[in-house]
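Biologist: I would like to learn how to read packing in a model. Please take cores and helix pairs in turn.

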Amino acid sequence: MSSYGFLAGCYDQFTTDVDYAAWGDYIQRHFQKNAFAGSIILDLACGTGSLTWELARRGYEMIGADRSPDMLAQAAAKDPEGCETAPIFLCQPMEQLDLYGTIDACVCCLDSVNYVTDPKKLQRAFERVHLFLMPGGLFLFDVNTPEKLQALDGQVFLDETEDAYCVWRAEYSPRSRICSYFMDIFRQEAGELWRRGEELHQERAYTVAELTEYLRRAGFVDVKTFGNLKMRPPKPDEDRIFFTARREN
């Protein structure tokens, strides 16, 4: 089973509950807090580019990078109103990030960091982000907490629209600290023909201490954590935590 090859065609239909405008507002609040004056932003693991385009509408010069060509095809096909400059989309995994120049900030949202299940690859990904950030540049990302991923074990979920249907179950392994999502997806094609696809998605549980250490090893400073779309420190029962870190001036 692959990841995102089949799901890409209906990913946006299943994620209509994600308020990308609210995520854009939250990112901008961090930019304002850090006196961010740049304009070139990398959206790492951008998926279908909804957040990339949201930030482009706000006047930023956007680069979207993702390892899935199918998700990037969906991103490139979008052309929302209000964008003077379309984003540039690159097909690259995080740990092999290779940009043509420097960036002023990097965002990596919607628990994309959890999807890097090999800690060594995540360490390299942080190092690649640090390499391309301008001095003083900001790195912002979020993760699902270990407690949230553990609580998903054994649960079954259903997403359904008029022309797409997805049922998926979650299994968490305490030994590997990986939560696996086994997905059965049905999508209606032209006419009345329905196609079935199977995909496996996995997220690794990372602690705040681990991620803080990876960031510091990569050269980041001023590492801070925040609650879910909040500007305060995370509470003990928070199921999503945001990180910010800077490249030293």
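This is a predicted model: local features need pLDDT of at least 70, side-chain atom pairs count only at pLDDT 80 or more; totals for chains, interfaces and linings use all residues.

Biologist: Which residues have the most contacts inside the largest nonpolar core?

Modeller: A nonpolar core is a set of buried Ala, Val, Leu, Ile, Met, Phe, Trp, Tyr and Cys residues joined through side-chain atoms within 4.5 Å; buried means under 20% relative accessible area (1.4 Å probe, protein chains only). The largest one here has 39 residues, and Leu7, Ile27, Tyr181 and Ile185 have the most contacts inside it. A second, separate core has 32 residues, including Leu42 and Tyr214.

Biologist: How are two packed helices described?

Modeller: By the angle between their axes and the distance between the axes. Axes are lines fitted to C-alpha atoms, for helices over the stretch in contact, and angles run from 0 to 180 degrees between N-to-C directions. Helices are DSSP runs (H or I, at least four residues), numbered from the N terminus. The axes of α2 and α3 come within 9 Å and cross at roughly 60 degrees. That makes α2 oblique to α3, oblique being whatever is left after under 35 degrees (roughly parallel), over 145 (roughly antiparallel) and 65 to 115 (roughly perpendicular).

Biologist: Which residues of α2 meet α3?

Modeller: Tyr20, Ala21, Trp23, Gly24 and Ile27 meet Ser50, Leu51, Glu54 and Leu55 of α3, contact meaning heavy atoms within 4.5 Å.

Biologist: And α5 with α7?

Modeller: The axes of α5 (residues 119-132) and α7 (residues 208-218) come within 8 Å and cross at roughly 45 degrees, so this pair is oblique too.

Conventions
Residues are numbered from 1 along each chain as its sequence is written. Side-chain values use heavy atoms; hydrogens and water are left out. Buried means under 20% relative accessible area, exposed over 50%, partly exposed in between (1.4 Å probe, protein chains only). Helices (H or I, at least four residues) and strands (E, at least two) are DSSP runs, numbered from the N terminus.
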